[in-house]
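Please consult the sequence and the structure alongside the text.

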Amino acid sequence: MNNEATRCGGYSEDQFPPGELFAAVSDGLWDNGASCGRKYRVRCISGPKRPCKVRSIIVQVVDLCSHDPCPATLQLSNKAFTAISKIDAKVNVEYAQ
């Protein structure tokens with residue numbers, strides 16, 4: 001599934017939840033690695049061209065955002081993103097642990 005090591009589980013496939021609903025987090029949520037394995041309920045709330053699907057999903061943290069600065073608080077896996085958005089564009093989400 002992933003050919004790059006994550007900051008949480010390295011190359012281990014076991015770190016990824018069933019359904020491939022996972023995320024990388026920004027420094028604000030990283031908590032010196034304590035966020036590894038945390039789960040967040042995520043729901044799309046707005047974006048261009050009414051992108052949101054009317055459901056929330058649970059994602060599991062598997063990595064620290066690889067960009068500095070991170071472009072988002074949560075960077076969702078492709079499957080997680082398509083589960084909440086109809087288009088491929090940056091969307092606003094609400095999330096809770």
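## Overall fold

The chain contains two helices and five strands, where helices (H or I, at least four residues) and strands (E, at least two) are DSSP runs, numbered from the N terminus. Read from the N terminus, the order of elements is β-α-β-β-β-α-β. The radius of gyration, taken over C-alpha atoms, is 13 Å, close to the 13 Å that the globule rule gives for 97 residues, so the chain is as compact as a globular protein of that length. That rule is 2.2 Å times the number of residues to the power 0.38.

The model is predicted: local features need pLDDT of at least 70, side-chain atom pairs count only at pLDDT 80 or more, and totals for chains, interfaces and linings use all residues. Residues are numbered from 1 along each chain as its sequence is written, and side-chain values use heavy atoms, with hydrogens and water left out.

## The nonpolar core

A nonpolar core is a set of buried Ala, Val, Leu, Ile, Met, Phe, Trp, Tyr and Cys residues joined through side-chain atoms within 4.5 Å; buried means under 20% relative accessible area (1.4 Å probe, protein chains only). The largest such core has 20 residues, of which V42, I57, V59, L74 and L76 touch the most other members. Elements giving two or more residues to this core include β1 (22-25), β4 and α2 (78-84).

## L76 and its contacts

L76 belongs to strand β4 (residues 74-76). Leaving aside residues up to four places away in sequence, L76 touches F22, A23, V42, V59, F81 and I84, contact being heavy atoms within 4.5 Å.

Definitions and conventions:
Buried < 20%, exposed > 50% of the residue type's maximum accessible area, 1.4 Å probe, protein only.
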